[in-house]
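Please look at the structure with its aromatic rings in mind. My notes follow as numbered points.

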Amino acid sequence: MPPATYTHGHHASVVGAHAARTVENSAAYLAPILEPGMRILDVGCGPGSITIDLARRVGDAGHVVGIDASAEVVEHARRAAADAGVGNVEFLVGDAYAPPGGEFEIVHAHQVLQHLGEPVSALAAWRRVGRVVAARDVIYSSTAMHPLTPELARWRELVVSLQAANGGDGDAGAKLKAWAREAGFSSIETDVETWCFESARGREFWGGQWAERAVHSAFADGTERFGLADAAERERIADAWRAWTADDDGWMAMLHGWIIARD
């Protein structure tokens, strides 16, 4: 399969933000079908916060395996599990196109397919090892913001453009159903979930991390490498995020599509 370039990278600002994800805030659609004793594979687990939450929910009789292409972030996830005292979870360096053998009740992927050049092939691989495949991805171009300054509108455009330049799809959430059907699934449930950041705490979380990511993370490296934005423009975007964070009227909603797919 074509190598995937992970658009966000693993700058501390990115890993810290991803570590705040839980089943409740990032996979609520999946919660109703979780049962004690389940065996779950979490593809693209990142720092492991959702994976660890899944392990808690399936109980000691269950087992959860998290895989990620980054050895660095896998080590981060292992430390997080140890610190949390969760023992029914393991983290492995792995390939989304070649999941570990065995059979899983659920294969789960949060914000993964948007980064893959062959999402249908990945879904087909997950179908071979999972009775249920559950995936959720963002639709970046639908992101709504107020106030929508030119700099923040440009950020939205750049995120989609950079994802495409890296071989992915920033609007993957809108295509999950079609991709799952192409991968051979016959039963596909689909709907949307959202993130909304409007409180002082929420704005600090989202705007604060992006003020940092705009100038220091793989977003900065990628937009420079592909000639999408220069340092001056990235600084203006970072300043716009700081202003949005400080604005009591600041509001933002991100739409995510999800699927629960079965044969």
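1. Arg127 sits over the face of Phe185, 5.8 Å from the ring centre. A charge counts as over a ring if NZ of Lys or CZ of Arg is within 6 Å of the ring centre and within 35 degrees of the ring normal.

2. The model is predicted, so local features need pLDDT of at least 70 and side-chain atom pairs count only at pLDDT 80 or more, while totals for chains, interfaces and linings use all residues. Residues are numbered from 1 along each chain as its sequence is written, and side-chain values use heavy atoms, with hydrogens and water left out.

3. Rings of Phe, Tyr and Trp (its six-membered ring) pair if their centres lie within 6.5 Å; planes under 30 degrees apart are stacked, over 60 edge-to-face, and the rest tilted. The count by this rule is 10 aromatic pairs. Trp155 and Trp210 are edge-to-face, because their ring centres are 5.3 Å apart and their planes stand at 75°. Trp155 belongs to helix H6 (residues 150-165) and Trp210 to helix H8 (residues 200-216), so the pair ties together parts 55 residues apart in sequence. Helices (H or I, at least four residues) and strands (E, at least two) are DSSP runs, numbered from the N terminus.

4. Trp210 also forms an edge-to-face pair with Phe219, with 5.2 Å between centres and 85° between planes. Trp210 and Phe219 are both buried, as is Trp155. Buried means under 20% relative accessible area, exposed over 50%, and partly exposed in between (1.4 Å probe, protein chains only).

5. Ring pairs join Tyr140, Trp155, Trp210, Phe219, Trp241 and Trp244 into a cluster.
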